[in-house]
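Here is a walk through one protein model, taken a step at a time. Keep the structure in view as you read.

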Amino acid sequence: MAEQSGTKPVSDKTFLTDVKTLRERARKHIEQGAITDGYKADRDTVVKILNEALATEIICVLRYKRHYFMATGINAESVATEFLQHANEEQGHADLIAQRIVQLGGEPNFSPEGLATRSHAEYVEGSNLIDMIKEDLVAERIAIDSYREMIAYVNTDDPTTRRMLEGILAMEEEHANDLVSLLETMAR
Ligand SMILES: [Fe+2]
Ligand SMILES: [Fe+2]
């Protein structure tokens with residue numbers, strides 16, 4: 001790492017850059033907004049994986065909406081309420097991800113073309129309530145694994161993206177738990 005003059009040691013490993021260097025660097029590429037010279041991740045790759053996550057979230061919104069409107073049977077009302085809540089939360093995730101892509105200087109891909117291919121999770125309609133819940137559970141488990149991998153990839157190179165992904169992962173885990181509970185309730 002260059003430009004370490006005037007730094008002071010913090011414990012035994014990190015060095016803080018001096019104020020003058022920080023200010024100079026901040027001025028240099030102001031058009032890059034939040035992306036400073038200190039950004040450690042490979043930005044193109046981060047944008048690419050975030051666009052895959054965006055496609056995954058959009059597919060999940062569509063699938064949950066379909067399930068919400070198609071839910072029928074004696075348990076339909078409570079299950080449909082859960083489907084709708086998940087749909088809205090997946091939409092929230094999509095928005096967070098799109099926002100982060102823009103902050104990173106990328107463009108969020110909302111194109112319907114290739115959407116299902118970019119998505120990790122699948123759009124499966126399901127023919128009855130149990131099928132729908134099972135398909136949603138499969139999709140959540142796919143999302144959980146892929147968010148975990150993304151977090152490991154980003155690691156400490158982009159803490160903001162990582163924190164966002166960790167928040168989303170925690171909610172996908174909640175979604176999976178909700179779905180397991182629904183299946184258990186319906187098996188009674
Ligand atoms: Fe999500
Ligand atoms: Fe989810």
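The donor residues of the iron ion (ligand 1) follow the spacing E-x32-E-x2-H-x78-E in sequence. They are Glu57 (OE), Glu57 (OE), Glu90 (OE), His93 (ND1) and Glu172 (OE), at 1.9 to 2.4 Å from the ion. Donors here are N, O and S atoms within 2.8 Å of the metal (3.2 Å for Na, K and Ca); water is not among the atoms, so sites may look incomplete. Distant parts of the chain are linked by the pair of histidine 93 in helix H3 and glutamate 172 in helix H6 (residues 159-187), 79 residues apart. Helices (H or I, at least four residues) and strands (E, at least two) are DSSP runs, numbered from the N terminus. Glutamate 90 bridges the iron ion (ligand 1) and the iron ion (ligand 2), and these ions lie 3.9 Å apart. Histidine 93 and glutamate 172 are both buried. Buried means under 20% relative accessible area, exposed over 50%, and partly exposed in between (1.4 Å probe, protein chains only).

A word on the model itself. It is predicted: local features need pLDDT of at least 70, side-chain atom pairs count only at pLDDT 80 or more, and totals for chains, interfaces and linings use all residues. Residues are numbered from 1 along each chain as its sequence is written, chains are lettered from A and ligands numbered from 1 in the order in which they are written, and side-chain values use heavy atoms, with hydrogens and water left out.

Now follow helix H3. Its 28 residues (76-103) should span 40 Å at 1.5 Å a residue, and the end C-alpha atoms are 40 Å apart, which agrees. The expected span is 1.5 Å times one less than the number of residues. After H3 comes glycine 105, with a positive phi near 85 degrees.

How many aromatic pairs does a search of the whole structure find? The search finds two. Rings of Phe, Tyr and Trp (its six-membered ring) pair if their centres lie within 6.5 Å; planes under 30 degrees apart count as stacked, over 60 as edge-to-face and the rest as tilted. Tyrosine 64 and phenylalanine 83 have ring centres 6.2 Å apart and planes at 45 degrees, so this pair is tilted. Tyrosine 64 lies in helix H2 (residues 43-70) and phenylalanine 83 in helix H3, so the pair ties together parts 19 residues apart in sequence. Tyrosine 64 is buried, at 0% relative accessibility. Phenylalanine 83 is buried at 0% too. Tyrosine 68 and phenylalanine 69 have ring centres 4.8 Å apart and planes at 65 degrees, so they are edge-to-face. Phenylalanine 69 is exposed, at 62% relative accessibility.
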